[in-house]
Every structure is written in C-alpha cells, then in structure tokens.
Amino acid sequence: MDDNKLILDGLAVANGIKEKLVHRVQLLVEKRVMPCLVTILVGDDPSSETYVRMKGNACKRLGIDSRRIHLSKDTTTEGLVTVIRQLNADPDVHGILLQHPVPHQINEREAFDAISIDKDVDGVTTLGFAQNAVGFANYPSCTPEAIMNILDYYRIPIEGKHVVVIGRSPILGKPVSLMLLNRNATVTICHSKTTELHRMVKLGDIVVAAVGKPRFVQGDWIKRGAVVIDAGYNSGNIGDVDYKACLTNASAITPVPAGVGPVTIAVLLKHTVDAAEKALKS
Ligand code: NAP
C-alpha cells in the first residue's frame, strides 16, 4: 500500500472520546446519578437487534446504564408514542434512542418528535435538526457528528473545501451537509435523482458517502488527493464505498468496519453523559 495514504482510524477517534468520559461518569456516580440510555427496538429486524446490542455493550463498558425496550412488530404509532412519553417523564432516563427503521405502519417522524429535546441524544427530532441547522444543537445526529470528529481529529481542513455528500436523509446526509456548511465548506448534496453523479463526486475535495448501497462509490469517481468518508454500513461489514478502488486516488479514507461506526457509538455515549450532567444541574 502507498505509505502516503492516510487511513482514518475510527477506533482511535472513538477511544479519544470515550477516555474523556470515564472521569465524568465517575463524578456522576459519586453524586448518585447513573447516566442512563434507553434504546427502543420495534420488531425483529436482525441488523437492528445487532446495533442495539452493540450500543448496550458500549454503555456497559463505560459504566453507563443501558435499558432496552423491545416492542412487537405490530406496535402502533400511538403505542410507541405512549412508551416514549413515559420515558420522557422518567427522571432516571437521560437519553432515548429509537432504533430505526421502524415497521411501516408506524409514523416514524411522529415517533421521533415525541422524544423530549432534552433526551434526544441521537439527534432525530425536528427541533434538534433545526438547532443543528443554525449551529447550536446540544445533540446533533450522532453519525454526522462522528464524521466531523474524524475530520477534526486528523486536522483535515474543511473551510473553503468543496464537499460532496451523497445522500440526504434527515439523520445523516442533510445534517452532515449543514454541519459542513456551518464550517464554511461549499457543499453539494447528491441523491437518487442527481444526474451524472460521478461528475459531481469528482469535484469533491472531501466526499461523504451515505447512500445505503454496498461499494456504491467507484474508484474513478474520486478526484486525486480527495478525502473519502464512508458512512455506509451494509450487511457483511461493507461500506458504501469501493474501498480498494477509491484508495487509488484518495489521500485519506475511512475503512469499514472501524471507521465512522465506532465513532458514532462514542458520540452517542458522550451525548448520554452530557444529558445526565444537564439533568443534574437542572
Ligand atoms: P437512507 O435514509 O436510505 O438514505 C439514503 C440516501 O441515499 C437517500 O438520500 C437516497 O436518495 C440516496 N441514494 C440512494 N440511491 C442513490 C443513488 N443511486 N444515487 C445517489 N443517491 C442515492 O440511508 P441513511 O439512513 O442515511 O444511511 C445511509 C448509510 O449510512 C447506510 O449504509 C447506513 O447503514 C449507514 N449508516 C451508518 C451509521 C453508522 O453508525 N456508521 C449510522 C446511520 C446510517 P433519495 O433521498 O433521493 O431517496
């Protein structure tokens, strides 16, 4: 492999975030506050079950209480919202994470927006999104914040750079685009109706792939010297970027696994600790 290529190590970034949390968790526990994240899983999607388990294990390793609520796949929007409201009212719960996607009969937006802004540690509410857009969210979406953390950890300049984001979902593509814009990047957002996508991607000094399609971004789409951030996570531990092919032109790239994924979990833990500290002060 070319020694000049920088592999952006998500585990190193995640460890840096988690190390700073150890002492903060200890201080909270001394004050008899156990930071607590509740994850809600609706239905039996095996990938979602894996993600929820991974998040729960990460909490345990750091001494954060993690509770899991598993609802049946025929849960209604009303039923889910009732559970969320109970958690909003529970002073021992600091963060609420609704694992998505939820089954099709549920109005996902209504369910997300039922989460109290103070406990929206996954940054999924409309209010949280709006706060992020204007640049002062307490808890931005975790994956977008993870991407920013990776860029900052490796001191990759953002200001004045042209960033091409592929994907415009409300939890990933849109919020990361706004965060990059707020840091003075020039941002192009691409989606499924974008024409000549490969030409757009070729303009990017930084390319963020958030598509949900395995190995979608091709090597010859990448401008020589560009930084490639692969937010994708598809079954079989495969990203949205053809890693080997993109490595040819990229100057830096995140691998999958051990790229954006572990940093996303570390950001979630940080948000939960932030929320517990805020609850203690209020
Ligand atoms: P999503 O809601 O399905 O959104 C996918 C986006 O990709 C949409 O905006 C879609 O465009 C766009 N798209 C689909 N096909 C396209 C094409 N042919 N050309 C250009 N754009 C296309 O997915 P998501 O939740 O944002 O997740 C994206 C990826 O990130 C997935 O691989 C997911 O597993 C991963 N992810 C990782 C983490 C992590 O912790 N690492 C967390 C969350 C998500 P339209 O809007 O036009 O449909």
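Reply: The following account begins with the annotated residues and then turns to the helices beside them. The model is a predicted one.

According to UniProt, in an unreviewed entry, the feature "binding site" falls at Gly167, Arg168 and Ser169. Gly167, Arg168 and Ser169 are also included in the lining of the largest pocket.

Gly167 belongs to the loop that joins strand E5 (162–166) to helix H7 (173–182). Its relative accessibility is 11%, and because buried means under 20%, Gly167 counts as buried. Leaving aside residues up to four places away in sequence, Gly167 is in contact with Gly173, Lys174, Ile189, Cys190 and Ala210.

Ser169 is located in the loop between E5 and H7 as well. With a relative accessible area of 30%, Ser169 is partly exposed, since this class lies between the limits of 20% and 50%. When residues up to four places away in sequence are not counted, Ser169 touches Lys174 and Pro175.

Lys174 and Pro175 also take part in a contact between two helices, on the side of H7. The partner is helix H5 (residues 126–134), whose axis comes within 8 Å of that of H7 and crosses it at roughly 25°. H5 is therefore roughly parallel to H7, as angles under 35 degrees are classed in this way. From H5, the contact involves Phe129, Asn132, Ala133 and Val134, while H7 contributes Lys174, Pro175, Leu178, Met179 and Asn182. Sorted by class, the contact of H5 with H7 comprises 6 nonpolar, 2 polar and 1 charged residues.

Definitions and conventions. Residues are numbered from 1 along each chain as its sequence is written. This is a predicted model: local features need pLDDT of at least 70, side-chain atom pairs count only at pLDDT 80 or more; totals for chains, interfaces and linings use all residues. Side-chain values use heavy atoms; hydrogens and water are left out. UniProt positions are given in the numbering used here, feature names are shortened, and annotations may be inferred rather than shown by experiment. On a 1 Å grid over the protein atoms alone, a cavity is a set of points where a 1.4 Å probe fits but cannot get out, and a pocket is an open set with protein on both sides within 12 Å along at least five of seven lines; lining residues have an atom within 4 Å of a point. Helices (H or I, at least four residues) and strands (E, at least two) are DSSP runs, numbered from the N terminus. Buried means under 20% relative accessible area, exposed over 50%, partly exposed in between (1.4 Å probe, protein chains only). Contact means heavy atoms within 4.5 Å. Axes are lines fitted to C-alpha atoms, for helices over the stretch in contact, and angles run from 0 to 180 degrees between N-to-C directions. Angles under 35 degrees count as roughly parallel, over 145 as roughly antiparallel, 65 to 115 as roughly perpendicular and the rest as oblique. Ala, Val, Leu, Ile, Met, Phe, Trp, Tyr, Cys and Pro count as nonpolar, Asp, Glu, Lys and Arg as charged, and the others, Gly among them, as polar.
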